[in-house]
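The following text goes through one protein model, from overall figures to single residues. Please keep the sequence and the coordinates open while reading.

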Amino acid sequence: MSGRVETAGRWGLVARFPAPLGARFARNKLAVAGVSVVCLFLLFCFIGPLLYSTDQTHTDLTQVNLPPSGSHWLGTDAVGHDQLGRLMYGGQVSLLVGLTAGVLATVIGTLWGAVAGYAGGWVDAVMMRVVDAGIAIPALFILLVVSAITSPGTPGLIVILGLVSWLVPSRLVRAETLTLKNRDYVLTLRATGGTHGRAIRRHILPNSVSTIVVAATFQIADAILLVAYVSYLGLGVQPPKTDWGGMLSAGLTAAYSGRWWLIVPPGLAIILVVCAFNAIGDGLRDAFDVKGRG
């Protein structure tokens, strides 16, 4: 009997979110467009340099601040770097840091929220007060302080972003856990001697996947914005590396001189990618929504 209940719990996600999930997502044209934009930027940033090879390490003072032309499709910057190649190169850092930091923040927040919600009582109270205290401190302020103390490379930036961005996912997963832990299949598992860890692994987390996936998409968008903020202030990855925020910072003064190609492309890239991930998150939320079944 307990085996049947556990099986029902394990596949509770299938019962809640049946096969037409993909079809419901596809009906959201904005979300589909978001997926297309993200895929295009991934190809542009990671495959593009193989087709459009440029030197993004050495300076060339004979090619400084050239406007867009057949030789340099988006012109060059203040040290002679090809701007289109730099847009690809900087996009690799922005997307890599954003994706990895967003996933890391979601993993940390998921584990924290699941444990807090399942344990309840004083454990939940203490853990969530930590979350409340963290939310009260702006993530950008923490990033600026840490970046001013040390100059983090790409791995360090990923870790820092992950550690300051897990708070909101933890609250979402906790709320879901508070509902799931009182379901019959979880109570039956506990009554038959199942451990707390088994209940979380087999029932709580699998049945919270909709909340986790949606939270992850928004966390990725937020991480990309945070990277841009920090780099714009000159505290992100250090030269010769760059990202889209660093390109914006480097091109800001040049924009007043009419060199629009130094600021418009990275600005548009940030806007498009962040809006795309937000659209994907909205589409996933609507697709997972039980009330949205047609």
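**Overall figures**

Of the 294 residues in the protein, 44% are buried, where buried means under 20% relative accessible area, exposed over 50%, and partly exposed in between (1.4 Å probe, protein chains only). The model is predicted: local features need pLDDT of at least 70, side-chain atom pairs count only at pLDDT 80 or more, and totals for chains, interfaces and linings use all residues. Residues are numbered from 1 along each chain as its sequence is written, and side-chain values use heavy atoms, with hydrogens and water left out.

The protein has 15 helices and zero strands; helices (H or I, at least four residues) and strands (E, at least two) are DSSP runs, numbered from the N terminus. The C-alpha trace spans about 80 × 45 × 30 Å along its principal axes. The accessible surface comes to about 14400 Å², and 69% of this surface belongs to carbon and sulfur atoms; such areas come from the Shrake-Rupley method with a 1.4 Å probe, and for residues only the protein chains shown count as cover. Among the contacts (heavy atoms within 4.5 Å) with a separation of 6 or more, 73% are between residues 24 or more positions apart.

**Nonpolar cores**

In soluble globular proteins, nonpolar side chains tend to be buried together. A nonpolar core is here a set of buried Ala, Val, Leu, Ile, Met, Phe, Trp, Tyr and Cys residues joined through side-chain atoms within 4.5 Å. The largest one has 29 residues, of which L95, I224, W244, V273 and F277 touch the most other members. Two or more residues each come from helix 4 (29-46), helix 6 (83-119), helix 13 (209-232), helix 14 (244-255) and helix 15 (264-288). Helix 15 gives the most, with ten residues.

What is W244 in contact with, leaving aside its neighbours within four places in sequence? The partners are F41, C45, L87, G90, G91, S94, L95, P266, A269, I270 and V273. A second, separate core has 14 residues, including V93, V97, V227 and V237.

I220 is found in helix 13 and is buried, with a relative accessible area of 8%. Beyond its neighbours within four places in sequence, I220 is in contact with G98, L99, G102 and F277. I220 and T100 are 120 residues apart in sequence and 7.9 Å apart in space, C-alpha to C-alpha.

A215 is also found in helix 13 and counts as buried at 8% relative accessibility. With neighbours within four places in sequence left aside, A215 is in contact with T106, P169 and L172.

**The largest pocket**

On a 1 Å grid over the protein atoms alone, a pocket is an open set of points where a 1.4 Å probe fits, with protein on both sides within 12 Å along at least five of seven lines; lining residues have an atom within 4 Å of a point. Grid points are joined across faces, edges and corners, and a volume is the space filled by probe spheres set on the points. The largest pocket has a volume of about 390 Å³. Of its 22 lining residues, R86, T242, G246, M247 and A250 are the closest to the centre. Helix 6 and helix 14 are the elements that give two or more residues to this lining, and helix 14 gives the most, with five residues.

**A loop residue**

N65 is found in the loop between helix 5 (48-51) and helix 6. N65 has a positive phi of about 55 degrees although it is not a glycine, and is partly exposed, with a relative accessible area of 22%.
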